Amino acid sequence: MNSILKNKITASYFVIIFIFLGYLILRSPQILLEGRYFAEEGSVWWSYSLSNNFLDTLLYTPAAGGYVCIVCNLQILVTKYLPIGIGPLFTVWTSILFSIMPSILFFKLNKRSNQFNKLLMSILLLILPSMNFLEVFANSISTSQFFAISTFIILNYGLNEKKLLILEYVIIFIGFLSYYYSIFLIPCFLLKYFFTKNKN
């Protein structure tokens, strides 16, 4: 019976994700179907990528940020080699996928909460970013925040299952190289190791 409930909740969760994506498309079809560079994403990152080479774009550090944002740079780097009509679509859709990542990680990694609480919290993590306009959260310069939230979720619930370790390591690595948000969690990782002795 417990297994049946778990499967129903898992199926419900993924149906909710698809409904949520449909809602985003209905809410702002012009952004999701035509794309656009938002603010500094176009005027700073993309324009920088056009006049600089692969490595310079990958390691670009904006003066205002003071620290590399590897996930932003990777997204913009790909658009450098895409047609102008497709580049903005790439950053919008990959940013939406990254914004969903904390919700999926929480749903997948959290083994402590009961199924209903886990579902409710996962839905909350899914819809909270969308309370802003798509322009505000569905762009490359906002993705580092979702990596930081994902890193926090991994810190609390992850690094246990071997089949997910590589993915979790990649998320943490990219998060640590994407602004300061994730780096602030390094002392927490050290404390967790001190108390749990979990070498992962």
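Arg36 is partly exposed, at a relative accessible area of 34%. The model is predicted.

**Arg36 and its contact in space**
- Arg36 sits in the loop that links α2 (29-34) and α3 (40-50).
- Arg36 and Leu89 are 53 residues apart in sequence. Their C-alpha atoms are 6.8 Å apart in space.
- The 34% for Arg36 falls between the cut-offs of under 20% for buried and over 50% for exposed, so the residue counts as partly exposed.

**Nonpolar surface patch**
- Five residues make up a nonpolar patch on the surface: Met121, Leu124, Ile127, Leu128 and Met131.
- Together they have about 440 Å² of accessible area.
- Met131 belongs to the loop between α7 (115-127) and α8 (134-137).
- Met131 has a relative accessible area of 60%. Exposed means over 50%, so Met131 counts as exposed.

**Cysteines**
- The disulfide count is one.
- Cys69 and Cys72 form a disulfide, with 2.2 Å between their sulfur atoms. The cut-off is within 2.5 Å, so the pair qualifies.
- The link of Cys69 and Cys72 is right-handed, with 50° about the S-S bond.
- Cys69 is buried, at a relative accessible area of 0%.
- Cys72 is buried too, at 0% relative accessibility.
- Cys188 is partly exposed, with 34% relative accessibility.

Terms used:
Residues numbered from 1 in each chain as written. Predicted model: local features only at pLDDT ≥ 70, side-chain atom pairs only at ≥ 80, totals over all residues. Heavy atoms only, no water. Patch = residues over 30% accessible without salt bridge, like charges linked within 9 Å, V, L, I, M, F, W, Y side chains within 5 Å. Areas by Shrake-Rupley, 256 points an atom, 1.4 Å probe, with all protein chains shown as cover. Salt bridge = Lys/Arg side-chain N within 4 Å of Asp/Glu carboxyl O. Helix = DSSP H or I, 4+ residues; strand = E, 2+ residues; numbered from the N terminus. Buried < 20%, exposed > 50% of the residue type's maximum accessible area, 1.4 Å probe, protein only.
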